[in-house]
Each structure stands twice: as structure tokens, then as C-alpha cells.
Amino acid sequence: MTEPPVRRRIRATGRVQGVFFRDGTRREAQRRDVAGWVRNCGDGSVEAVFEGAPDAVDALVAFTRAGPGHAQVEALDVASEEPEGLRGFDVR
């Protein structure tokens, strides 16, 4: 029996722009078959949405908490949302 997909929205703060955070997140999401998107925000943070199998989404949240590439994540806010049925993963 397959678990229903979950959706998480994250916002990472710290040294997260200009350090390949978005590209590293995209690669990890594709590796784990997680859909969604990631983008830089005007305040210097990075926001992302992940949809997929619970274990894969949880692993991707942990990956972003650790900080892909040369990122230094000071804080990671995580919120649960209703899945929308996203496909693929985009860097915005």
C-alpha cells in the first residue's frame, strides 16, 4: 500500500543565496522523485515547496536543513500544506 503524498513549504535563512542552494535542492529533489520548486526571495532567504512520498519529502527537508553546497542554514521554517499534484521540479 502506497502512502498518500505530502507537501511541505520551507523557508531557509542564513547564507543561502549564491551558494548553489537552489541547484543542489533541485538535484536532490529529482534524485528522490519529489516534485515542487525552489526560489530566492528578496529578503535573502530561499523558499521551496516539496511534494511526494512522505519519506522522500522528509529526507529533502533534512537535506535543506543541513544546507546543500556551501550554504550555512541558520533557520529552516517548515509548514505542512495540502498537496496540489505538482509534477517535476523547477528552479524559479
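Predicted model: local features only at pLDDT ≥ 70, side-chain atom pairs only at ≥ 80, totals over all residues.
**Entry 1: the nonpolar core**

I began with the largest nonpolar core, which has 19 residues. For my notes, a nonpolar core is a set of buried Ala, Val, Leu, Ile, Met, Phe, Trp, Tyr and Cys residues joined through side-chain atoms within 4.5 Å. Buried means under 20% relative accessible area, exposed means over 50%, and partly exposed is in between (1.4 Å probe, protein chains only). The residues with the most contacts inside this core are Ile10, Phe21, Val34, Phe50, Val57 and Val61. H2 gives the largest share, four residues. Helices (H or I, at least four residues) and strands (E, at least two) are DSSP runs, numbered from the N terminus.

Residues are numbered from 1 along each chain as its sequence is written, and side-chain values use heavy atoms, with hydrogens and water left out.

Next I picked Val57 and asked which residues it is in contact with, leaving aside its neighbours within four places in sequence. I found Val6, Arg8, Val34, Phe50, Glu51 and Gly52. Contact here means heavy atoms within 4.5 Å.

Which residues of H1 are buried? I listed Phe21, Gly24, Thr25, Glu28 and Ala29. They cover an arc of only 135° around the axis, so they sit on the same side of H1. The arc is that of the directions from the helix axis to the C-beta atoms. What covers these buried residues includes E1, E3, H2, E4 and E5. On the other side of H1, I found Arg27 and Arg31 exposed.

I stayed with Arg31 for a moment. Its relative accessible area is 57%. The side chain of Arg31 makes a polar contact with the side chain of Glu28, at 2.9 Å. A polar contact is a pair of N or O atoms within 3.5 Å; within protein, one must be able to donate a hydrogen and the other to accept it, and residues adjacent in sequence count only if both atoms are side-chain atoms. Just after H1, I noted that Asp33 takes a positive phi of about 60°.

**Entry 2: salt bridges**

How many salt bridges are there? The count is twelve, with a salt bridge taken as a side-chain nitrogen of Lys or Arg within 4 Å of a carboxyl oxygen of Asp or Glu. I looked up three of them.

- Glu84 pairs with Arg7, with the closest N and O atoms 3.6 Å apart. Glu84 lies in the loop between strand E4 (72-81) and strand E5 (89-91) and Arg7 in strand E1 (residues 6-15), so the pair ties together parts that are 77 residues apart in sequence. Glu84 is exposed at 59%, whereas Arg7 is buried at 3%.
- Arg9 pairs with Glu47 at 2.9 Å. Arg9 is in strand E1 and Glu47 in strand E3 (residues 46-52), so this pair ties together parts 38 residues apart in sequence. Arg9 is partly exposed at 23%, and Glu47 is buried at 6%.
- Arg32 pairs with Glu28 at 2.8 Å. Arg32 is partly exposed at 30%, while Glu28 is buried at 11%.

I also traced a network of salt bridges that links Arg7, Arg9, Arg11, Arg39, Asp43, Glu47, Glu51, Glu81 and Glu84.

**Entry 3: Glu51**

Is Glu51 buried or exposed? Glu51 is buried, with a relative accessible area of 5%. A polar atom of its side chain lies 2.8 Å from the backbone nitrogen of Glu84. For the backbone nitrogen of Leu86, I noted 3.0 Å to a polar atom of the Glu51 side chain.

**Entry 4: strand pairing**

Last, I checked the strands, which pair if DSSP finds at least two bridges between them. Strand E2 (residues 35-40) and E3 are antiparallel over six bridges, and Arg39 stands opposite Glu47 in E3. Their hairpin has five residues between the strands, and Gly44 takes a positive phi near 95° there. E2 and E5 pair in the parallel sense over three bridges, with Val91 in E5 as the bridge partner of Val38.
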